[in-house]
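Here's a quick walk through one chain, from its overall layout down to a single side chain. Have a look at the sequence and the fold before reading on.

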Amino acid sequence: MDLRSQMLQEFDLETALTRSVLEITPDALMDYQADESLHSVRWNVSHLADIPSWADVILRKDVFDIAPPDGPPHTTPEMATVADTIAAFDANVQTAKEILAEFPIDSLEDEWSLLIGGQAVLTHSRYMIYRMYMISHVAHHRAHVLVYLRTNGIETPHLYG
């Protein structure tokens, strides 16, 4: 199996797992925060819906400035309901899959940088950034939601067996 196929297969697995968590998240818990210093369920599920849209900047561009000096910072669009979240997630996943299917695979070795205010704060190969943000970062925030659900007595799926 070639690398593109492996990336698509892994993306499909992780997005299916994420969608299964979104599907069991009740609207009644959207504003739940385990502590005032932590993001709410709403922010976390909205972030999970937004992350697949990053395929564009990660796989088609060389940098992403989350707080550009000449423009507004990137913000997570917060969703009103779980249904809105799932709709945004599904649309972003579909677009990401299209990008994954056609981006130049040889660009995975290229250097990619995350900027804040025009200054690089993280630089790795595009492949490493893809893995960090499109796969690992999703698992990280999905775990937050799972803990919040369990804390509130909601039975959650065993995602990896």
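The notes below go from the whole chain to its helices, its sheet and one histidine.

## The chain as a whole

Keep in mind that this is a predicted model. The chain holds 5 helices and 3 strands. Starting at the N terminus, the elements come in the order α-α-α-β-α-β-β-α.

How does the radius of gyration fit with that of a compact globule? For 161 residues, such a globule would come out near 15 Å, and the chain has 16 Å, so the two agree.

## Two helices side by side

Helix α1 covers residues 3-23 and helix α4 covers residues 82-102; they pack at an angle of about 180°, and their axes lie 11 Å apart. Angles over 145 degrees count as roughly antiparallel, and α1 and α4 are therefore roughly antiparallel to each other.

On the α1 side, the contact includes Met7, Leu8, Phe11, Thr15 and Leu22, along with Arg4, Asp12 and Arg19. Helix α4 brings, among others, Val82, Ile86, Phe89, Val93 and Leu100, plus Asp90 and Lys97. Sorted by class, the contact of α1 with α4 has 11 nonpolar, 3 polar and 7 charged residues.

The 3 strands make an open sheet in the order β1-β2-β3, with mixed pairing. Strands β1 (63-65) and β3 are the edges: each has a single partner strand, so one side of each has no neighbour in the sheet. From one strand to the next, the twist averages 15°.

Now for the hairpin. Strand β2 (residues 111-116) runs antiparallel to strand β3 (residues 119-125), and 6 bridges link the pair. Opposite Leu114 you'll find Leu122 in β3, while Glu111 faces Ser125 in β3. There are 2 residues between the strands of this hairpin, and Gly117 takes a positive phi near 60°.

## Helix α5 and its histidine

Helix α5 packs on the sheet, where it touches β2 and β3, and its direction makes about 100° with that of β3. Angles of 65 to 115 degrees count as roughly perpendicular.

His137 sits in this helix, which covers residues 126-151. Which residue does the side chain of His137 meet in a polar contact? The partner is His47, with the two side chains joined at 2.9 Å. Setting aside neighbours within four places in sequence, His137 is in contact with His47, Ile51, Trp54 and Met132.

How values were computed: Residues numbered from 1 in each chain as written. Predicted model: local features only at pLDDT ≥ 70, side-chain atom pairs only at ≥ 80, totals over all residues. Heavy atoms only, no water. Helix = DSSP H or I, 4+ residues; strand = E, 2+ residues; numbered from the N terminus. Polar contact = N/O pair within 3.5 Å; in protein donor to acceptor, adjacent residues only side chain to side chain. Contact = heavy atoms within 4.5 Å. Pairing = 2+ DSSP bridges. Axes fitted to C-alpha atoms, helices over the stretch in contact; angles between N-to-C directions. Parallel < 35°, antiparallel > 145°, perpendicular 65-115°, else oblique. Nonpolar A, V, L, I, M, F, W, Y, C, P; charged D, E, K, R; others polar. Rg over C-alpha atoms; globule rule 2.2 N^0.38 Å.
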